[in-house]
Amino acid sequence: MMNPSDELIGQLVLVHPELTSDPAGKSGHVGIITGTELENDNIYVGFGRNGQGLYGTDALLLLKPNEQIKRNLQEHKSALSINDYKSLFQISLLQELRPSTANIKTAMSLALQSETLRNLSMRSIEDAFGLRQQQTIER
């Protein structure tokens, strides 16, 4: 099994749009993971020419696996507004067709349109890799 650090390097992430403390000022921006120190809950994110930021695993969002997004589309169909439904469908398509950098960035910017969309299509690195449990167990 791959170690989470290796799996994370090079991944596109969205800095949580509601981050209260963000020294790099990149809340709501997409960046690429350049390094990790998971034992200290540190993730380095590069923003191209716009420098680098240091974040905790709960401050960075990844797209959920496409199967999960499709399941959410079905399960929440009646509760979603037409716009959210269309956007979630688009996110799913972008992920399915070609998970290129451009498509992932577009999917992430669609997910920013509403909190509902974000919750149905994204999850924190902490949740994606079950890092919270590991930290709790170690204490």
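**Close-up views of the predicted model**

**View 1. Strand β1 and its partner β5.** Strand β1, residues 12-15, pairs with β5 in the antiparallel sense over two bridges. Within this pairing, Leu-60 of β5 is the bridge partner of Val-15. The coordinates shown in this and the following views are those of a predicted model.

**View 2. The six-stranded sheet.** Six strands form an open sheet with antiparallel pairing, in the order β4-β3-β2-β1-β5-β6. Helix α4 lies across β1, β2 (30-37), β5 and β6, and runs at about 20° to β1.

**View 3. Strand β5 between two covered faces.** In a regular strand, side chains alternate between the two faces of the sheet. Both faces of β5 are covered, with Leu-60 and Leu-62 buried on one side and Leu-61 and Leu-63 buried on the other. Strand β5 also pairs with β6, in the antiparallel sense and over three bridges. In that pairing, Leu-62 stands opposite Arg-123 of β6.

**View 4. Helix α3 and its buried side.** The buried residues of α3 are Asp-84, Ser-87, Leu-88, Ile-91, Ser-92, Leu-94 and Gln-95. They cover an arc of only 160° around the axis, which places them on the same side of α3. An α-helix has 3.6 residues a turn, so residues three or four places apart point the same way. The buried residues of α3 pack against β5 (60-63), α2 (66-75), α4 (101-111) and α5 (115-121). The face of α3 turned away from this buried side carries the exposed residues Ile-82, Lys-86 and Leu-97.

**View 5. Arg-118 in helix α5.** Arg-118 is located in helix α5. Its relative accessibility is 7%, and because buried means under 20%, Arg-118 counts as buried. The side chain of Arg-118 makes a polar contact with the side chain of Glu-18 at 3.2 Å. When residues up to four places away in sequence are not counted, Arg-118 touches His-16, Pro-17, Glu-18, Leu-61 and Ala-111. One of these, Leu-61, is also among the buried residues of β5.

**View 6. Leu-19 in the loop between β1 and β2.** Leu-19 is found in the loop that joins β1 and β2. With a relative accessible area of 23%, Leu-19 is partly exposed. Leaving aside neighbours within four places in sequence, Leu-19 is in contact with Ser-27, Tyr-55 and Ala-59. Leu-19 and Asp-58 are separated by 39 residues in sequence, and their C-alpha atoms are 9.8 Å apart in space.

**View 7. Asp-41 in the loop between β2 and β3.** Asp-41 lies in the loop between β2 and β3 (42-46). The phi angle of Asp-41 is near 60°, a positive value in a residue other than glycine. At 23% relative accessibility, Asp-41 counts as partly exposed.

Notes. Residues are numbered from 1 along each chain as its sequence is written. This is a predicted model: local features need pLDDT of at least 70, side-chain atom pairs count only at pLDDT 80 or more; totals for chains, interfaces and linings use all residues. Side-chain values use heavy atoms; hydrogens and water are left out. Buried means under 20% relative accessible area, exposed over 50%, partly exposed in between (1.4 Å probe, protein chains only). Helices (H or I, at least four residues) and strands (E, at least two) are DSSP runs, numbered from the N terminus. The arc is that of the directions from the helix axis to the C-beta atoms. Contact means heavy atoms within 4.5 Å. Two strands pair if DSSP finds at least two bridges between them. Axes are lines fitted to C-alpha atoms, for helices over the stretch in contact, and angles run from 0 to 180 degrees between N-to-C directions. A polar contact is a pair of N or O atoms within 3.5 Å; within protein, one must be able to donate a hydrogen and the other to accept it, and residues adjacent in sequence count only if both atoms are side-chain atoms.
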